[in-house]
Amino acid sequence: MSFHRRFLLLVEEIERNFPVSSWKCGDVEIWPLARMDLYLDMHWAHTGGSPPVLRWFPLRAIERVATPLTNCWKSRHDLAHWVVRPRPAYAIFLGDGVSLDFVSNQWQDRFSEPLMVELEKRGLGTFLMQGGDLSRLPWRRPTFASNVIAVWGALTASAITLPAELPDHDRVLQLIAHYDVGAPSLSRAKLERRARVVFATASAFERILGIVKPTLAFVVTYYAGLGAAFLVACRRRGILSIDLQHCPQDGAHKAYGWSALPDNGYATLPALFWNWTEGDAAYIRSWASKLDLPWHRSVHGGHTQLEPFLDDNDPATRAWDAKFKAIGEGRRFEREILIALQPIAGCRAQWDALGRQIQAAPSQWRWWIRRHPASRPYQDREYLNLLSLRMPNVIVDQASSAPLPALLRHMSALLSLASGASAEAAAFGVPSFFLSDEARGPFANLLERGLARVVEIQALIGEIARLPAMPARPAPARRPALGETLLNLDEIARDYSQLCRNTARPISRKRFLNS
């Protein structure tokens, strides 16, 4: 059984048998935080890796206090886009700092940018925040560095004295231990610290929301970084929080299926899930609709980045096509193969074996080796031999700088350990080859539909040789109009604000679902 499947079965058993939906610290529900920490604990144990080692506490404290100055220094060549103070806007966006594309020598948010452009066409203001350490500059548009919010939360959390309510915590740990799973992040002390940091950080976000006064609040990767604190702040203010889907779900994602919910939903979950497909949206509804009131909802909004790249006549898409053809002085290849690297510990032997396959493959095949957007330089050690290949038919830098769909339009195949890029490849008819059995957990749907296969590296060249040079693109699926979806969100936001203001008065669920 894959590690991913083991995790899903374990949390389902926990949620079915223990009152983890009652774990709280103030208004911060702890179980969604604990569940993601449990996933990471299991991930590190499975891969044989370990989380980054924290630096000596006094050094961390100094770094945190110096963050505003560090931001200023890093932004010195991009001051036009450096935002110091929030401003009012119709919609606020919190990016994860890694879901970025380098377009026209500027970094833009992969999933938020299309929505911001659409809103601004309608005369509605937007305010963008990005997490991370500002290692990717310059920005495409004015951007507020939310790492200062993270610093505020970390420094003030110690002043939070609210007790954590963790009923049956010991029994949950006993069950986890029974399955021989290590869960150091779920100790009482660590959960209390985690919840207090989220509580304090949410208070800092409240100040931002009080100035921006948004109607809509979008977040990318709600379960990582500052996402939970942002969601709590939105709930406190009665602002509709919306998670923009960033990877395939197919009812098997670690963060998008819940067996038990508190009566008023989780403040640490989004109020609305923006899904790529109607199937994903229906799965969210299957568990969210069990609540008496619509604290969590879903909408089929489509993939916000993909649409233009499926249109051969789109001007921006044609421009990317021209750039693609110009690489390698326009030389044509029999196969174009994209390798989606993933910084997963313990897989160096597989990457090295793949490098040998590339060297043995026909010279008329071209290989595009693309770094994961969240990878750090130190993680390059896992696939250093791949990145070091110096061959006329191997592309590295340009494979990482172009938007993923701009490459997928021209690919014969996608290779990865178990990358979510496989779902986007399927939209272009590009088959995916998984090099890890772990893909059978999160991507069972793609495998069952014949859109992907798990293969042995030694058999890879033969599998690719049997493919057509250019796969047939499937007929485009019906995608909702972006503008219409945004208009619907405006009405949903008004109803959600009322729900937050008056949860005591009985409200008909039917009214909300028909809005």
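A search of the whole structure, which is a predicted model, finds zero disulfides, a disulfide being a pair of cysteine sulfur atoms within 2.5 Å. C234 is in no disulfide, and the nearest cysteine sulfur, that of C500, is 9.7 Å away; for C500, likewise in no disulfide, the nearest cysteine sulfur is that of C234. Local features required pLDDT of at least 70 and side-chain atom pairs pLDDT 80 or more, whereas totals for chains, interfaces and linings use all residues. Residues are numbered from 1 along each chain as its sequence is written, and side-chain values use heavy atoms, with hydrogens and water left out.

Of the 515 residues of the chain, 55% count as buried. The radius of gyration, taken over C-alpha atoms, is 23 Å, which agrees with the value near 24 Å that a compact globule of 515 residues would have under the rule of 2.2 Å times the number of residues to the power 0.38. Along the principal axes, the C-alpha atoms fill a box of roughly 65 × 55 × 50 Å. The chain contains 20 helices and 19 strands, defined as DSSP runs (H or I, at least four residues, for helices; E, at least two, for strands) and numbered from the N terminus.

Six of these strands form an open sheet with parallel pairing, in the order β16-β15-β14-β17-β18-β19, where two strands pair if DSSP finds at least two bridges between them. Because β16 (394-395) and β19 (452-454) stand at the edges with a single partner strand each, one side of each is left without a neighbour in the sheet. Strands β14 (residues 335-340) and β15 (residues 365-370) are joined in the parallel sense over six bridges, and W365 is the bridge partner of R335. Helix α12 (residues 348-360) packs on this sheet, touching β14, β15, β16 and β17 (413-416), with contact meaning heavy atoms within 4.5 Å. The direction of α12 makes about 170° with that of β14, for axes fitted to C-alpha atoms (for helices over the stretch in contact) and angles running from 0 to 180 degrees between N-to-C directions.

Elsewhere, Q106 lies in strand β6 (residues 106-109) and, at 22% relative accessibility, counts as partly exposed. Not counting residues up to four places away in sequence, Q106 touches H81, D101, P138, W139 and R140.

Conventions
Buried < 20%, exposed > 50% of the residue type's maximum accessible area, 1.4 Å probe, protein only.
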